[in-house]
Amino acid sequence: MRVKWAEEQDTESKMASELALSTARSGEICVGREMRDSFSLLDVLYANQFKGESLDPKVVVQTEETFYRGAPPEWLNFHISEQAESDGTGTSFIKRDGYDSLKQQIQNKRKLPGISTVKLFHQPGCGGTTLAMQVLWDLRRSFRCAVLTGSTSDIMNVATEVVHLFTAGSRGNQNTVLLLLNDEHILENLQDSIMEKMVQQRIVTNIPVVIFFTCVRKEVLQSDHVILQKALSDTEKQKFDEKKKELSRKYRDKCGQFHGFNIMQTNFSQAYVKQACTVFSTVQRANKPLKTQLATFLSLLNAYVPGSYLLESQCLEFLKHEDSIHGHLSLEDRMEPFSHLIITFQHDVRSGKKVCMAHPMIAQCCTELMGEADVTRSDTARSFLNSLCRDEIPPRLLSFVKDMLTKREMKVEENPKKRINGNEIKEDRERFSRLILDIQRKESEVQSASVLKMASMIFLQNPFFPQALARFYYIELKDYNQAERWAKEAKERDPKNSFVADTLGQVYKNHLKNKDFSAKPRESLKLAKKAIQAFKDEDQLAENEHGADMKEDGNTKVSHIFNIRGQFGYLQVCNIVYDQLVTQNETWKKVLTKNVSMGSVLGSLGDNKLYRFNGLISSLRDEVEKKCNFLNAYLTFSKPGIQKDDPSYIQKDVSSCYCKYTEHPLPDLIRDVMNTFGDNVEENMSPSDADTPEPPIVGLLKEWPGDNNSPSDLMLFVQKINHSYDSAYAKYFQSRYLCPLFYLGEDEALSRIAPTNNSQFLLENDDATTDFINYMMNNDKIFKDLRVNKKLLKFHGVVQNYKLFAAIGGMKVMVNANMRDSLWIQRDVSFYLGFTIRGLVAFGIQTENNKLGPTRSCDSCGSVKDSNWTAATPERRTENALPIYRMQSEAGRFKCSVSGLRWVCKKKVSFTYQFKSWEEHWQKLNMVHCKPGGPLMDITVTDGELDEVHLPHWVCMDGLAKVSGKFAVLHKGQSGNFLEEVSEVTSSHVRLFQPSSFSTNAVLIKAGFPMKAHCNVLIYRTNQKQLTLHIYVIVCDPARQQEVEQVERARGSRMIQKPNPEKSLETLESFILTTDADSAEISVVHSTPNFFEVFIKNAESNVKLKLEDEEKHIVWTCAISKDEYQN
């Protein structure tokens, strides 16, 4: 994606010296040549790219034409479009519908510390790369934009350049990097490496370091991120039609060859593509000219490897044997009549010109047309390999060929156990590459094997082609001899690679698995012996891969996963052996479980020659136990990611094998630790000499600092846990997420351990979905829920230099953070502690905040200034006899005049809300010991985004020295309930930052202490002849007031407005109402708390009312004049 500079321009050096980067304060700093040259892996887009540069008109035209024909975009394209729009000679680049969403997401991520990610998934050829680059171009003056163009094999070097770009200039001139990359699998390692570099360089910042912007090609799109497909919306169609007219005026007949643009403008029309590719329908299988062969090569390569290309020099070298007398002609001239389907482009003068088909759909169509003309895919692939890959080839071409023949794409299948966005899907890899599968489907399995065999014989050093060939032989052709041959060949080519070695074991295992159960035991054992030895060799290679490499060399840190396939394959073979042998003879069960020796029952087994396998048989039971114990720990203590689990069949097969050979169930490792902790051991445990972390974890739990216990060896236990983890598990778990074993609760002794089945509370919600559970687990949100954290012990600490220190027993102890994103900002924090097998880990890290602010006129808790809020009156409509309120505002800080709801937005926003009843929630609130603290409101954002929401509450803050642990917010959506504990509370509102998508929200107050509330007294004059007043004492709940108004309005009553109590009232009290009217009769309606009916016969004078609490204190008085109740 690098910019193509016109070589003949003399201004290059001058302009380059003035290139600048944006700063966080909306300024720019100039960047010198030395710094620019330091970015070898990043294509940096400068804030003033091309500014003041005079471009050759021919370069402008050529650049535009090449792009619209189908070449990938370059920065110059966006500059040309921007200039044309500004001078009125053209329109801007077409922005597809995902553009605004991507920009908004990126801007939102800027509010978050550290590192965050925005993802774009797109089908090949639908403008995904163009859209991503357009976003970068438009944000170049706000962020430091760059594209990762170099190799990702050395993540630390990439991290070094990213940090260098972030810090370029003085400390006050730092700015967030917006990094575009196309590999989403490196994000976690890259993030860790960037943080490591920040620590090494002692860089402290309060702004985000980098936002990863991933742009990933996928044929099948299933995602909750922005996706781009081969389909235009009506708005997009209109934009493309208008652009078509503009290009037709400017380029006239040339537009007919703008295939890249035209395909999109016609909404990816197959008819247009087929018409453009008709020249390929005449291609013949035999005696093809070299230019025809080259066109077929390009089509096949581009059809199966999006983004692939050949170098122009390769193409010319291939053609020269046939067209030596026309050596002066360009490649496009030589390629007639195919040249209009082929483009040549160059984005970097340091690399050669590249050649590819104009669009992936053209490549696919040409490949289909060739197939119809009997020019098969296998023939083209073999010819391609034979013609272009015999001699030494560029590394990129080898990579393209490897992808074409061996890359297994992800496929999506229905799975009722997993629901994502309403679709039941499961992702898994295809068995082979798309090309190999298409050859198998459209031609034959033999032809697929033939192509892989030729690649294996041409690329004599590469192990992956014979590996794929071996897999094809044993999976599809069931030719285990050939599979064994090529698996051994792959292993010889890369003898230290455990993943390559795995294929040989799989060949033997599948051969054994597919043998008839009636086969002689000797035959099964002979094959099993080969498989077991192959998997043992693989396991040893895996150990070797993670030996010395575990140490850092100063630049590179090993981060790839440990290969467990050897150990798991061993157990799978043992499972098969057990089933096959025991099915034939039950005596084998006693032999395999070592209840009897093999020699003692040879007669019963019916074959004395079986004794040659005695060594193998006698080793199985102990080896199975050993490997099952390892894999049990591997699966219990870790998993691939925080929201990704290992395939269920692994645990199933491990458990099955353990039960078969040991005759016992697989141990529950977490329960074993808890049982050990619960043992009545009087003496203190020592943190000395433990091979695994479990004993020192138990020791630390037994000696946990309490009110009367602050052990001096606390740090020794912590250090021993870390040391034993490093020696026992670190190399196996290094790339995996460590699962929490248990959390620390508030109780003592065994009850101190709280289980980790956090999602159990979701069972209370009949409508809880997988999406909801994932939402709760993501970013530790589950620890904000009262139903979880009420059982846990809250700790306090501080984040310093990207590390977390907890205050435990009067000591400052460094603990790991479950979410490393929490370590970017230095601050005081609170959190919950749990244990992984590595030791103490902090969950649910939150900034300490116990701010209280006066915001209400109340004698108990002070008065409030509302000058910072702009009053807004909602539109009101009625639906099903209930009012719905609509709010709309520009950017600013607003308060609703009806509900008291407040919000902050940076752009225009629209939303609706309506009041809901608490009635359906009482049971669940009682379960979590909470009660309503504010109105229940159903809020739906219809346009824009709310940055903050301030939910009103009626709780009086008088006497509440601390907010922490007392307030929560109920969030309720279609997928479940979430009770979020909050700490930033004013005397009238609870503040929520970046509120969630849950629609129903309300403030809760924890039960268990006296609560005063701000209350209203509502007075209604009924339509009865004699003076009858209905008087309600209610909390300041607009929803409850709405209910009262509806009831009284239906009775024909009218409201008499009077001041409310000046002080807050105890909400659980029953009040006493009295009046000075002698003839008054006051009835208390017990079915409605604090509802009074006052009947005054022949009223002719003013009426005074007085409200007292249970201790006879006057809490409210008012006088109603005769005019007020008579009019």
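**Entry 1: S26**

I started with S26, which sits in the loop between β1 (20-22) and β2 (28-30). My labels for helices (H or I, at least four residues) and strands (E, at least two) are DSSP runs, numbered from the N terminus. This is a predicted model, so I kept local features to pLDDT of at least 70 and side-chain atom pairs to pLDDT 80 or more, while totals for chains, interfaces and linings use all residues. Residues are numbered from 1 along each chain as its sequence is written, and side-chain values use heavy atoms, with hydrogens and water left out.

Phi of S26 is near 65 degrees, a positive value in a residue other than glycine. Most residues other than glycine have a negative phi, and most peptide bonds are trans. S26 is exposed, at a relative accessible area of 68%. For the record, buried means under 20% relative accessible area, exposed over 50%, and partly exposed in between (1.4 Å probe, protein chains only).

I then looked up F268, another non-glycine with a positive phi, about 60 degrees. F268 lies in the loop between α10 (259-265) and α11 (270-276). Is F268 buried or exposed? With a relative accessible area of 7%, F268 is buried.

Next came the peptide bond between E336 and P337, which is cis with omega about 10 degrees. P337 belongs to the loop between α14 (331-334) and β10 (342-345).

**Entry 2: the whole protein**

I took a step back for the totals. The protein has 37 helices and 47 strands, and 52% of its 1127 residues count as buried. Of the contacts (heavy atoms within 4.5 Å) with a separation of 6 or more, 70% are between residues 24 or more positions apart.

R377 is part of helix α16, and it counts as buried because its relative accessibility is 7%.

Beyond its neighbours within four places in sequence, R377 touches residues including L300, T367, E368, L435, D438 and I439. F297 is 80 residues from R377 in sequence, with 9.9 Å between their C-alpha atoms.

L435, D438 and I439 are also among the buried residues of α18 (residues 434-442), as are I436, L437 and Q440. The cover over the buried residues of α18 includes α12 (290-304), α16 (377-388), α17 (395-406), α19 (445-458) and α20 (464-477).

**Entry 3: T662**

T662 is in helix α28 (residues 648-662) and counts as buried at 4% relative accessibility. A polar atom of the T662 side chain is 2.6 Å from the backbone oxygen of Y658. Leaving aside neighbours within four places in sequence, T662 is in contact with R621 and E625.

**Entry 4: strand β30**

Strand β30 (residues 909-916) has 7 of its 8 residues buried, so it is largely enclosed by the rest of the structure. I call two strands paired if DSSP finds at least two bridges between them. β30 pairs in the antiparallel sense with β27 (residues 882-889) over 5 bridges and with β32 (residues 936-943), also antiparallel, over 7 bridges. R886 has T912 of β30 as its bridge partner, while K916 stands opposite L936 in β32.

**Entry 5: a sheet with a helix on it**

I traced an open sheet of 5 strands with antiparallel pairing, in the order β41-β39-β40-β45-β44. Its edge strands, β41 (1054-1056) and β44 (1080-1084), each pair on one side only. Neighbouring strands here are turned by 25 degrees against each other on average, direction ignored. My axes are lines fitted to C-alpha atoms, for helices over the stretch in contact, and angles run from 0 to 180 degrees between N-to-C directions.

β39 (residues 1015-1021) and β41 run antiparallel and are joined by 3 bridges, with R1021 partnered by R1054 in β41. Helix α36 (residues 1038-1051) packs on the sheet, touching β39, β40 (1027-1035), β41 and β45 (1091-1096), and its direction makes about 165 degrees with that of β40.

Key. Polar contact = N/O pair within 3.5 Å; in protein donor to acceptor, adjacent residues only side chain to side chain.
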